[in-house]
Structures are given as structure tokens and as C-alpha cells.
Amino acid sequence: MTRPVLLIGGMDSSGGAGLARDLLAVHDAGLTAHMAVTIVTAQTDRAVLAVEPVSPTVLIAQIDAALEDGVGAVKIGAMGNAAFVRIVAARLPDVPVVLDPVLCSSSGHTLLEPAGIRALLEDILPHTTVLTPNLPELATLGTALGFDVSAGQGDVVAALLAQGCQSVLVKGGHDHQAPSATDILYQRDGLPLSFGSVRYPFDLRGTGCQLASGLAAGLAQGNFIPQAVRAARAGLEDRFRMEQARLSRACSV
């Protein structure tokens, strides 16, 4: 029997992203989940109105409770601060770990300060199976490592892999100049793999959360990383098609 996925991250009051979206993705993959809340936010689709971290004691208790019966994988999202990064790093079990580096909200609100980013790179990245940055997050991580990503993402990815993570899935959704949305999977051994899909003429919140959580579910089920990526992307594609159909119906009324 496949063990639950441990979801660590922020609670989005709008339900569009964060743990609410993570939970849906894991359930859609046929698994159950445990959750550990790091921060609680009040937000809409347009703005973050308030952010409040839980107490360190509560975060530790949540993680310890989730690990009592074991988990099959861990997905890490919004951390909130460097202290929480260190708490999570100290408690990571020996299972696949997917790190979605949530550095700011889709509306631009900062969710992890520079000290937290350094702690993420130093303390959690060495335990990471798959890192899933979008292009702005990759640029921020590159800057923290002393690289200019505008010169090309290859050096930044190589530096991230050298930090100890097994693979990096660079999400291309923010490259609005490209005709398709293409993610590239870099692994320590082997050539990069590209995963392309249709670029839809609308945005959805929480797609990064959904992809990373679906990926964690696939790894918990014993899939290899490329297989887990394909399955997670298929779930995301289904959501885009459903939204497109909903918008078409709304326009025809």
C-alpha cells in the first residue's frame, strides 16, 4: 500500500493555491495526504492581504505527527522564513522530496526573504529529489548563487545540481514569447528532457503547486522521475482543458 504524501506549505484562504491545491492534486493521483502548515495567508486572486506564520512548536508537532506512521514522499512549498526552513530540513525522512521554491505569490508578495532562500539552498536542496522552479524563481536562486540567469539557465541548473539535488524541472510557463509551454527536466546523469504543451490564452493560479504535488504523488507510487513528471503534467493539462471548456460555455450564454 502506498503511503501518504506529506505536504508542507502555506494555506491560501482563496483556495486557489498552496495546500488546498496540493491536496486536490494528490487526491486526483489516487493518494492520501498529511499536511503541515507553515504560514496562513489572507488573499484573493489579485492580492495577498495578510500573512501570518504558525508557531515553530505547532509546525514541529504537525510534521512529527505526520511522520508517525510514515510517508511515501514529501512536497515542500511556501516556507515563510529561514527558521522554518531549518525546522523542515532537520525532519525530512528518507523518501523522495519535491521542492517547489515558493519565493513570492503570483501577485508579487514576497513569501521568503534572502536569508530563507540561502537556508533553502544550503539545508533542503541537498535532500531534494526534484526542484521545480519557474523562470523567475530560477533567476532568484541563480542570483543567490552568484549567477546571472540572463546569460542562460545552464550554469544555474548546474550549480543547483552541484548543491546536491538529484534533478531540476525548470517550468517554462512564464516564457510568454514561446509558442508553447515547455518544461525542461535536468538530471545529474543524462541529457535534458523537454515536456511541451499547448499554451492557453488564460492563466490559472496554483499550477506550480499542482504540478509539484502531482509529481510527489507519482514518486510516492514508485515511478521514475520522468514518468512522474508526465503524469503530473497530464493532470495539469486536464485542469486547463476543463477551464477552457468552462470559459467557452460562459461565453456562449
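A residue is called buried when its relative accessible area is under 20%. Ala 232 has a relative accessible area of 6%, and it is therefore buried. The structure discussed here is a predicted model.

**Individual residues**

- Ala 232 belongs to helix α8, which covers residues 225-252. Leaving aside residues up to four places away in sequence, Ala 232 touches Leu 211, Gly 214 and Leu 215.
- Between Ala 232 and Leu 125 there is a separation of 107 residues in sequence, and their C-alpha atoms are 21 Å apart in space.
- Asn 81 lies in the loop between β4 (73-76) and α3 (82-90). Its relative accessible area is 19%, so Asn 81 also counts as buried.
- The contacts of Asn 81 are Pro 53, Leu 112, Glu 113 and Gly 116, when residues up to four places away in sequence are not counted.
- Asn 81 and Ala 115 are separated by 34 residues in sequence, while the distance between their C-alpha atoms is 7.6 Å.
- Leu 135 is located in helix α5. With a relative accessible area of 26%, Leu 135 is partly exposed.
- From C-alpha to C-alpha, Leu 135 and Val 149 are 9.1 Å apart in space, and they are 14 residues apart in sequence.

**Helices α1 and α7**

- Helix α1 spans residues 18-28 and helix α7 spans residues 207-220; their axes come within 8 Å and cross at roughly 40°. This angle makes α1 oblique to α7.
- The crossing of α1 and α7 is right-handed.
- On the α1 side, the contact is made by Gly 18, Arg 21, Asp 22, Ala 25 and Val 26, and on the α7 side by Cys 209, Gln 210, Ser 213 and Gly 214.
- Sorted by class, the contact of α1 with α7 contains three nonpolar, four polar and two charged residues.

**Helices α5 and α6**

- Helix α5 (residues 135-144) packs with helix α6 (residues 154-162) at an angle of about 70°, and the two axes are 10 Å apart. The two helices are therefore roughly perpendicular to each other.
- The crossing of α5 and α6 is left-handed.
- Helix α5 contributes Leu 138, Leu 141 and Gly 142 to the contact, and helix α6 contributes Val 156, Val 157 and Leu 160.
- Five nonpolar residues and one polar residue form the contact of α5 with α6, and no charged residues take part.

**Strands β2 and β3**

- Strand β2 (residues 33-43) and strand β3 (residues 48-53) run antiparallel and are joined by five bridges.
- These two strands, β2 and β3, form a hairpin with four residues between them.
- Thr 41 has Val 51 in β3 as its bridge partner.

**Strands β6 and β7**

- Strand β6 (residues 130-131) runs parallel to β7, and two bridges join them.
- Opposite Val 130 stands Ser 167 in β7.
- In a regular strand, side chains alternate between the two faces of the sheet.
- In strand β7 (residues 167-170), Ser 167 and Leu 169 point one way, whereas Val 168 and Val 170 point the other way. All of these β7 residues are buried.

Technical notes. Residues are numbered from 1 along each chain as its sequence is written. This is a predicted model: local features need pLDDT of at least 70, side-chain atom pairs count only at pLDDT 80 or more; totals for chains, interfaces and linings use all residues. Side-chain values use heavy atoms; hydrogens and water are left out. Axes are lines fitted to C-alpha atoms, for helices over the stretch in contact, and angles run from 0 to 180 degrees between N-to-C directions. Angles under 35 degrees count as roughly parallel, over 145 as roughly antiparallel, 65 to 115 as roughly perpendicular and the rest as oblique. A crossing is left-handed if the near helix is turned anticlockwise from the far one by less than a right angle, and right-handed if clockwise. Contact means heavy atoms within 4.5 Å. Ala, Val, Leu, Ile, Met, Phe, Trp, Tyr, Cys and Pro count as nonpolar, Asp, Glu, Lys and Arg as charged, and the others, Gly among them, as polar. Buried means under 20% relative accessible area, exposed over 50%, partly exposed in between (1.4 Å probe, protein chains only). Two strands pair if DSSP finds at least two bridges between them.
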